[in-house]
Amino acid sequence: MTNKELKELERMFGTKCEENPAKGFFTRRQLQKMWNCGESAISKRINLSVRNNLLEMKMYRVKSGMVTRPIPHYRITKK
């Protein structure tokens with residue numbers, strides 16, 4: 001098995017963290033602090049913004065302790 005094949009297996013099974021979020025991508029909690037909103041308000045704002053193409057969403061795998069989870073990150077699109 002080559003290195004390339006091993007890296008592909010790690011990516012498939014989620015044992016390796018993907019690249020760090022690109023510049024300008026924020027988690028829901030970070031947006032909540034930036035916009036000074038509550039839990040329900042930030043969810044509504046994010047959903048509306050993604051539907052209207054004001055926010056771009058990309059999933060990044062984030063490692064927390066021994067667990068790697070996909071976490072949505074958002075970036076404000078410029079128009």
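Mentor: Contact, as the word is used here, means heavy atoms within 4.5 Å. The model is predicted, with local features needing pLDDT of at least 70 and side-chain atom pairs counting only at pLDDT 80 or more, while totals for chains, interfaces and linings use all residues. Residues are numbered from 1 along each chain as its sequence is written, and side-chain values use heavy atoms, with hydrogens and water left out.

Trainee: Which residues is S49 in contact with, leaving aside its neighbours within four places in sequence?

Mentor: With those neighbours left aside, S49 is in contact with L54 and L55. S49 itself lies in helix α3, residues 39–51, where helices (H or I, at least four residues) and strands (E, at least two) are DSSP runs, numbered from the N terminus.

Trainee: Why does S49 count as buried?

Mentor: Buried means under 20% relative accessible area, exposed over 50%, and partly exposed in between (1.4 Å probe, protein chains only). S49 has 13% relative accessibility, and therefore counts as buried.

Trainee: Why is A22 called partly exposed?

Mentor: A22 has a relative accessible area of 34%, so it is partly exposed, the term for values between the two cut-offs. A22 is placed in the loop between α1 (3–13) and α2 (28–35), and its C-alpha atom is separated by 9.7 Å from that of K58, 36 residues apart along the chain.

Trainee: What does the secondary structure of the protein come to?

Mentor: The protein has three helices and two strands, which follow the pattern α-α-α-β-β when read along the sequence. Of its 79 residues, 18% are buried.
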